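Subject: Structure handover

Hello,

Please find the structure below for your files. My notes on it come after.

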Amino acid sequence: MNIRKATIDEAGYLSELSFRSKAYWGYSEAFMEACRKDLTILPEDILSSIIFVLEDEKVIKGFIGLEIEDDSCLLSNLFIDPNEIGKGYGRRLWQHMRRIFIWRWEQDELEKSNQLFLKEESSHCWRYLSESNAII
């Protein structure tokens with residue numbers, strides 16, 4: 001099992017996966033079609049937000065995403081392939097995201113307490129991105 005950053009060429013697959021995952025819960029076709037735009041992941045979304053995929057045996061089983069707004073992050077996506085629901089993949093993605101942001105917050109607090117914290121123009125979330133591969 002591997003958790004890694006999504007790539008822009010996976011946008012179509014992630015859109016399809018999010019649609020199938022939401023449909024799993026029994027929503028009507030009309031409702032699902034009304035949601036299609038909101039469930040679409042564009043390459044620009046992958047570039048402007050934080051999206052991690054979980055793959056097992058080199059097949060994407062689910063993904064989690066955060067949107068960046070000002071200096072905070074909001075959960076925007078957490079979708080698991082319907083055939084894989086109940087296998088703990090969602091929990092693993094959630095724990096991964098929590099671990100990364102708790103670590104980032106601790107680093108920020110340490111910098112602040114040592115008077116070394118310099119506010120960057122970009123958000124804390126973006127600063128963490130360059131370090132996230134070390135956590136995976």
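This is a predicted model: local features need pLDDT of at least 70, side-chain atom pairs count only at pLDDT 80 or more; totals for chains, interfaces and linings use all residues.

Residues are numbered from 1 along each chain as its sequence is written, and side-chain values use heavy atoms, with hydrogens and water left out.

Layout

The chain has five helices and four strands; these are DSSP runs, H or I of at least four residues for helices and E of at least two for strands, numbered from the N terminus. Along the sequence their order is β-α-α-α-β-β-β-α-α. Of the 136 residues in the chain, 40% are buried. Buried means under 20% relative accessible area, exposed over 50%, and partly exposed in between, with a 1.4 Å probe and protein chains only. Taking contacts (heavy atoms within 4.5 Å) with a separation of 6 or more, 61% are between residues 24 or more positions apart.

Cores

A nonpolar core is here a set of buried Ala, Val, Leu, Ile, Met, Phe, Trp, Tyr and Cys residues joined through side-chain atoms within 4.5 Å. The largest one has 15 residues, and the members that touch the most others are Leu14, Ile46, Ile51 and Phe63. At least two residues each come from helix H1 (11-23), helix H2 (29-39), strand S2 (49-56) and strand S3 (59-69). H1 gives the largest share, four residues. A second, separate core has 12 residues, among them Leu54, Ile64, Ile80 and Met97.

Rings

The whole structure contains three aromatic pairs. The criterion is that ring centres of Phe, Tyr and Trp (its six-membered ring) lie within 6.5 Å; planes under 30 degrees apart are stacked, over 60 edge-to-face, and the rest tilted. One of the pairs is Tyr24 with Trp25, which is edge-to-face at 4.7 Å centre to centre and 90 degrees between the planes. Tyr24 is partly exposed at 42% relative accessibility, and Trp25 is exposed at 57%.

There is also a charge over a ring, meaning NZ of Lys or CZ of Arg within 6 Å of the ring centre and within 35 degrees of the ring normal. The charged end of Arg36 sits over the ring of Phe19, 3.9 Å from its centre.

Salt bridges

Six salt bridges are present, each a side-chain nitrogen of Lys or Arg within 4 Å of a carboxyl oxygen of Asp or Glu. One of them joins Arg4 and Glu55 at 3.2 Å, N to O. Arg4 lies in strand S1 (residues 2-5) and Glu55 in strand S2, so this pair ties together parts 51 residues apart in sequence. Glu55 is buried, at 15% relative accessible area. A network of salt bridges links Arg4, Glu10 and Glu55.

Another salt bridge is between Asp81 and Arg20, at 3.3 Å, N to O. Asp81 is in the loop between strand S4 (72-80) and helix H4 (89-113) while Arg20 is in helix H1, so parts 61 residues apart in sequence are tied together. Asp81 is buried at 10%, and Arg20 is partly exposed at 29%.

Glu84 and Lys87 also meet in a salt bridge, at 2.8 Å, N to O. Here Glu84 is buried, with 12% relative accessible area, whereas Lys87 is exposed, with 53%.

Helix details

In H2 the buried residues are Met32, Cys35 and Leu39. They cover an arc of only 70 degrees around the axis, which puts them on the same side of H2; the arc is that of the directions from the helix axis to the C-beta atoms. An α-helix has 3.6 residues a turn, so residues three or four places apart point the same way. Ala30, Ala34 and Lys37, on the other side of H2, are exposed.

Ser15 belongs to helix H1 and is buried, with a relative accessible area of 13%. Not counting residues up to four places away in sequence, Ser15 touches Leu39, Thr40 and Ile41.

Regards
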